[in-house]
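Subject: Two-chain model, handover and notes

Hello,

Here is the model I promised to pass on. Please open it before you read the notes below.

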Amino acid sequence: MERETKIETDNLNLYYGTFQALIDVNIRIPARNITAIIGPSGCGKSTLLRCFNRMNDLVENARMEGRIIIDAENILAPETDLIALRRKVGMVFQRPNVFPLSIYNNLKFGLRIHDMLSRNDEIMQTIREGLEHVGLWDDLKDKLKKNAHSLTLEQQQRLCIARVLILRPDIILLDEPCSALDPIATLRVEELLRVLKRDYTLVIVTHNMQQAARVSDFTGFMYLGKLIEFADTHKVFTNPAEQLTEDYIKGSFG
Amino acid sequence: MPREGFHKRIKELEQDVLELGEMVITAVNRSVEALKSLDAREAKRVIDNDAQVNKKRWALEDKCVDLIATQQPVASDLREIIAVLSIVRDLERIGDYAEGIGKIVLMHGDQPLVKPLTYIPQMAEKAVGMLRRSLEAFVKRDAGLAREICIEDDAVDTLYDQAYHDLLSRMIENPSVITRATYLIWASHNVERIADRATNIAESVIYLVTGTPTELNVSRY
């Protein structure tokens with residue numbers, strides 16, 4: 001059965017000034033699955049992730065060539081509405097980046113900038129759904145006025161995910177989302193990601209190969225700006241096609 | 001090599017497999033010799049030594065489990081450990097077949113053999129040869145050699161067929177030999193199974209090298 005592709009790149013090249021960070025990347029990321037991108041530091045995995053919501057536009061001297069197709073549209077086209085793109089393609093970062101506001105306002109903030117505010121009771125319903133989705137509602141429902149910085153790191157990261165979810169994205173990009181968390185919190189967040197994949201396409205960049213093996217359905221291995229191998233995770237971790245992938249995941253280099 | 005210690009431990013597994021292989025090859029050769037000469041003392045030695053084979057098997061499995069639990073092996077490292085787990089069980093079972101032949105010798109007692117053994121030593125020689133080459137294929141990571149071994153199993157099956165019909169016709173001719181002839185059928189069946197286990201080991205080697213589980217040759221028995 002043909003898999004539905006959510007993100008497809010076509011000879012994607014990216015330059016930071018004269019340095020080429022991505023070289024002819026052709027990847028097809030399946031819809032409603034978790035795709036992990038692994039590779040040594042500096043291989044271009046975060047750069048690739050940041051292409052999918054045009055975050056690299058914020059980097060001076062960054063220049064992209066090729067095409068990135070999401071839902072039949074080339075998001076690298078100049079007429080792309082970046083605000084709409086970033087609502088549709090949400091992002092979660094390495095360290096939870098909650099705002100120094102109340103939990104409630106952290107969530108309302110996103111709705112406001114995306115002009116999704118409506119009646120107060122509807123906002124409350126949206127926030128509740130968001131918190132329920134990430135497993136925070138029961139703990140926080142009576143503390144919505146508390147400053148989000150008072151939460152544990154795991155709760156903060158879940159809050160960041162909720163903030164993305166309430167904007168009703170299709171795709172969620174996660175850049176090392178568990179690297180600030182302890183192992184148990186990491187496993188719990190991974191469980192959450194597995195629940196979310198029923199409704200969303202998730203792309204996770206991770207240094208932690210065991211995390212990629214545990215959580216993802218598909219794995220891409222990158223090295224020196226190139227996508228060396230992309231296959232289902234079972235294949236990559238039991239019998240990779242490329243020697244370079246084998247050497248990297250076995251810890252023979254890197 | 002960032003994981004030198006880990007890869008050294010994987011290499012040690014290989015050495016352990018070869019040692020276990022030598023232990024069971026010795027057991028098979030001794031058991032067939034004991035049957036040829038109806039040597040009860042030698043048979044008893046094979047039976048007693050099987051405890052060492054079992055001990056070695058558990059120790060090796062324990063090492064594999066420890067590596068999986070603590071080192072998160074992947075790719076060919078993972079396949080090697082999975083292959084070793086499988087090979088170790090086949091080797092241990094070959095030890096049991098040798099022990100079984102030892103027990104048949106004790107059951108047979110002092111009565112003379114129905115006939116001097118011909119087929120069983122030939123089968124054993126072939127089976128032990130297959131076993132040695134399957135271990136060689138394991139060490140060399142040679143899937144081609146492993147495939148050749150599987151083909152040899154046919155010759156052992158043919159000898160088993162001949163041994164069975166020979167003994168059957170002797171029983172029909174002279175019902176007084178039925179008990180002793182049945183013992184020899186059991187022994188030849190054990191040797192036939194040893195060759196099948198050598199084939200299993202060759203299949204594990206193919207899995208280790210290619211990553212694809214393969215059933216190469218379905219034994220007739």
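This is a predicted model: local features need pLDDT of at least 70, side-chain atom pairs count only at pLDDT 80 or more; totals for chains, interfaces and linings use all residues.

A helix here is a DSSP run of H or I with at least four residues, and helices are numbered from the N terminus.

**Chain A overall**

Chain A holds 10 helices and 11 strands. Its C-alpha atoms fill a box of roughly 55 × 45 × 40 Å along the principal axes. For 254 residues, a compact globule would have a radius of gyration near 18 Å, and chain A has 18 Å, which agrees. Of its residues, 41% count as buried. Among contacts in chain A with a separation of 6 or more, 68% come from residues 24 or more positions apart.

**Helix α3 of chain A**

This helix covers residues 103-113. Which of its residues are buried? They are A:Ile103, A:Asn106, A:Leu107, A:Lys108 and A:Gly110. An α-helix has 3.6 residues a turn, so residues three or four places apart point the same way. The cover over the buried residues of α3(A) includes α4 (120-133), α5 (137-140) and α6 (153-165) of chain A. After α3(A) comes A:Asp115, with a positive phi near 60 degrees.

A:Phe221 sits in strand β10 of chain A, residues 218-223. Is A:Phe221 buried or exposed? A:Phe221 has 27 other C-beta atoms within 10 Å, so it is buried; the cut-off for that is 20 or more. Leaving out residues up to four places away in sequence, A:Phe221 touches A:Ile38, A:Gly39, A:Ile228, A:Glu229, A:Val236, A:Thr245 and A:Tyr248. A:Cys160 is another matter. A:Cys160 and A:Phe221 are 61 residues apart along the chain, and their C-alpha atoms are separated by 27 Å.

A:Leu224 belongs to the loop between β10 and β11 (226-232) of chain A. A:Leu224 is not a glycine, yet its phi is positive, about 50 degrees. With 14 other C-beta atoms within 10 Å, A:Leu224 is partly exposed.

**Chain B overall**

Chain B has six helices and zero strands. From the N terminus on, its elements run α-α-α-α-α-α. The C-alpha atoms of chain B fill a box of roughly 70 × 35 × 20 Å along the principal axes. A compact globule of 221 residues would have a radius of gyration near 17 Å; chain B has 19 Å, which agrees. Buried residues make up 42% of the 221 in chain B. Of the contacts in chain B between residues at least 6 apart in sequence, 81% join residues at least 24 apart.

**Helix packing in chain B**

Two packed helices are described by the angle between their axes and the distance between the axes. Helix α3 (residues 75-108) and helix α6 (residues 178-210) of chain B pack at about 170 degrees, with axes 9 Å apart. Angles over 145 degrees count as roughly antiparallel, and α3(B) and α6(B) are therefore roughly antiparallel to each other. Their contact has 15 nonpolar, six polar and seven charged residues.

B:Gln72 is not a glycine, but its phi is positive at about 45 degrees. B:Gln72 has 17 other C-beta atoms within 10 Å, so it is partly exposed.

**The nonpolar core**

The largest nonpolar core has 133 residues. Which of its members touch the most others? They are A:Val203, B:Val24, B:Val28, B:Ile120 and B:Ala127. Helix α3(B) gives the largest share of this core, 14 residues. B:Val28 touches B:Ile94, B:Ala98, B:Ala124, B:Val128 and B:Ile194, not counting residues up to four places away in sequence.

**Where the chains meet**

How many residues of each chain take part in the contact between chain A and chain B? 10 residues of chain A are in contact with 11 residues of chain B. On the chain A side, the elements that give two or more residues are α9 (233-238) and α10 (243-249). That side has three nonpolar, five polar and two charged residues.

Over to you.

Best wishes

How values were computed. Residues are numbered from 1 along each chain as its sequence is written. Chains are lettered from A and ligands numbered from 1 in the order in which they are written. Axes are lines fitted to C-alpha atoms, for helices over the stretch in contact, and angles run from 0 to 180 degrees between N-to-C directions. Angles under 35 degrees count as roughly parallel, over 145 as roughly antiparallel, 65 to 115 as roughly perpendicular and the rest as oblique. Ala, Val, Leu, Ile, Met, Phe, Trp, Tyr, Cys and Pro count as nonpolar, Asp, Glu, Lys and Arg as charged, and the others, Gly among them, as polar. A nonpolar core is a set of buried Ala, Val, Leu, Ile, Met, Phe, Trp, Tyr and Cys residues joined through C-beta atoms within 7 Å. A residue is buried if 20 or more other C-beta atoms lie within 10 Å of its own, exposed if 12 or fewer, and partly exposed in between; C-beta atoms are placed from the backbone. Two residues are in contact if their C-beta atoms, placed from the backbone, lie within 7 Å. The radius of gyration is taken over C-alpha atoms; the globule rule is 2.2 Å times the number of residues to the power 0.38.
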